[in-house]
Every structure is written in C-alpha cells, then in structure tokens.
Amino acid sequence: MKTLNDLRDELDGIDRELVALLCKRMGVSREVALVKRRAGVAVLDAGREAEVVRSRASLACAPLRPVTAAFFRQIMAMSRLEQESALGTSCVTLIGSAGENTAEIGKRTADLLGFTFVNVRKGLFADRLAPLHVVLAGENAVLDEENRRLMATRSVCVFLDDEPSRACEHRSLCVESARHIVAVRDDIEDTARRVVDAILSERF
C-alpha cells in the first residue's frame, strides 16, 4: 500500500509533466500568433475555442467534464494573452483616479496575470508600454493624443471608475479611451480580479 509521501511524490511528478506541457503549449501558441499575423487572421477564433473546450471536456469521465471545461477555458484565455505577447501588444494600461488603492490594484492585477507592474502616474508613459506589463497611468495621460493612440494600439486599456465616491476630472475622456470599465471597490483583491476577468474576456 502506498504511503502519503508516495502519493505526494506521484502528484509532484504529474505536476512537473503538466507544467512542461503547458510551457510547450504556450510556445506553440506564440508560433500560431505569427502565422495568424502573416495570414491577416485575428487572434480570437471563438468557434475554435468553443470546439477545443467541448472536445477536451468530452475526453474526461463524466464527473470531471465541468472541471475540465473550466480548465481549458482558462488555458485558452492565457493562450490568447500569449499570442498577444508574441505580437507585442499584450500590455495592460490602467487609468483613472481610484484613490489611495490605485497602486495596490495595479500591483495585484500584475501579480494575477504574471506581468510586471510599472507606476507611471508621474513619469513618462510611451516608453513603458512593453509586453507583459501592467502600466498605471494617471487620468491626465488621456489628455495627450499620442498617449491615447498608444493605449488603443499597444495595450488593453482599463478605466478604474471610482464614481461617484471620487470625482475624475477627465472621466468622459477616460471612458472614451478605455476598452473596459471596472468599478472600484474597497476590496483590492475583488477589484483586481474583475480587472483580470475583463482582460481575459477580451475579444482580440
């Protein structure tokens, strides 16, 4: 009979195999992105994603099909981000006046995505829009036309909307510039997770 340590060792081995396969899959996803770009095909193929999730779930035993479907939905979402990274556009910009919690929301969002956090509320903007970065910019960033162009073409822009508890002087321009609007709440973790949900639901 196997001991607890034996079983844990077995699980550790399986996890190592899973990680290796995940890394391999993400590598292929990056190659797919380059082929799509040459062919002029959009990153998102909703029909293909739905078919992958359905077919993979069908491979599991009945009790595990819902979990398998959820697992592959997450993998497909991360594959989209990986493809965007390969194309040099998977940067997230957070704008708006979310009060004292803004930086913490930005840091937690970066942690959840596995990205690097950069606070440029008082610094240069254009030089910091790099792949796999979460860039926190002040609401005044939207006043610059070039900044708005960069937000639209090189990042997924999210407006952290703190209304009505805190006025955002340039709110209408922030809303216009953003691809997603996330209401800010006192719970930093909750707000960051909703930002990530918005990003992962992005239809590239």
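These are my notebook entries on a predicted model, going from the overall layout down to single side chains.

**Entry 1: the layout**

I started with the element count and got 7 helices and 5 strands. Reading from the N terminus, I wrote the order down as α-α-α-β-α-β-β-α-β-α-β-α. The protein has 204 residues, and 41% of them count as buried. I also looked up the contacts with a separation of 6 or more: 63% of these are between residues 24 or more positions apart. For the accessible surface I noted about 11,800 Å², with 54% of that belonging to carbon and sulfur atoms.

**Entry 2: strand E1**

Next I went to E1 and asked which strands it pairs with. E3 is one partner, running parallel to E1 and joined to it by 3 bridges. E4 also pairs with E1 in the parallel sense, over 4 bridges.

Are the faces of E1 covered or open? Both are covered. Val92 and Leu94 are buried on one side, and Thr93 and Ile95 are buried on the other. I reminded myself that side chains in a regular strand alternate between the two faces of the sheet.

**Entry 3: the cores**

I then looked for the largest nonpolar core, which has 20 residues. Those with the most contacts inside it include Val92, Leu94, Val134 and Ile199. Helices H3, H4 and H7 each give two or more residues to this core, and so do strands E1, E3 and E4. H7 makes the largest contribution, with 5 residues.

There is a second, separate core as well, made of 15 residues. Cys91, Ile95, Val135 and Val142 are among them.

Back to Val134, to see what it touches. Leaving out residues up to four places away in sequence, I found Val92 and Leu94 on the list, along with others including Thr109, Leu113 and Phe117.

**Entry 4: Thr109**

Thr109 made me curious, so I gave this residue of helix H4 its own entry. How buried is Thr109? Its relative accessibility is 0%, so it counts as buried, the cut-off being under 20%. A polar atom of its side chain lies 2.8 Å from the backbone oxygen of Ile105. Again leaving out residues up to four places away in sequence, Thr109 touches Val134, Ala192, Val195 and Val196.

**Entry 5: Ser55**

I moved on to helix H2, residues 46–58, where Ser55 is found. Ser55 has a relative accessibility of 15% and counts as buried. Its side chain is joined to that of Arg56 by a polar contact of 2.6 Å.

**Entry 6: aromatic rings**

Last, I checked for aromatic pairs and found 1 in the structure. The partners are Phe71 and Phe72, in an edge-to-face arrangement. Their centres are 5.4 Å apart and the planes make an angle of 85°. That angle is over 60 degrees, which is why the pair counts as edge-to-face.

Which of the two is buried, and which is partly exposed? Phe72 counts as buried at 17% relative accessibility, because the cut-off is under 20%. Phe71 is partly exposed, with a relative accessible area of 45%.

Definitions and conventions: Residues are numbered from 1 along each chain as its sequence is written. This is a predicted model: local features need pLDDT of at least 70, side-chain atom pairs count only at pLDDT 80 or more; totals for chains, interfaces and linings use all residues. Side-chain values use heavy atoms; hydrogens and water are left out. Rings of Phe, Tyr and Trp (its six-membered ring) pair if their centres lie within 6.5 Å; planes under 30 degrees apart count as stacked, over 60 as edge-to-face and the rest as tilted. Buried means under 20% relative accessible area, exposed over 50%, partly exposed in between (1.4 Å probe, protein chains only). A polar contact is a pair of N or O atoms within 3.5 Å; within protein, one must be able to donate a hydrogen and the other to accept it, and residues adjacent in sequence count only if both atoms are side-chain atoms. A nonpolar core is a set of buried Ala, Val, Leu, Ile, Met, Phe, Trp, Tyr and Cys residues joined through side-chain atoms within 4.5 Å. Contact means heavy atoms within 4.5 Å. Accessible areas come from the Shrake-Rupley method with a 1.4 Å probe; for residues, only the protein chains shown count as cover. Two strands pair if DSSP finds at least two bridges between them.
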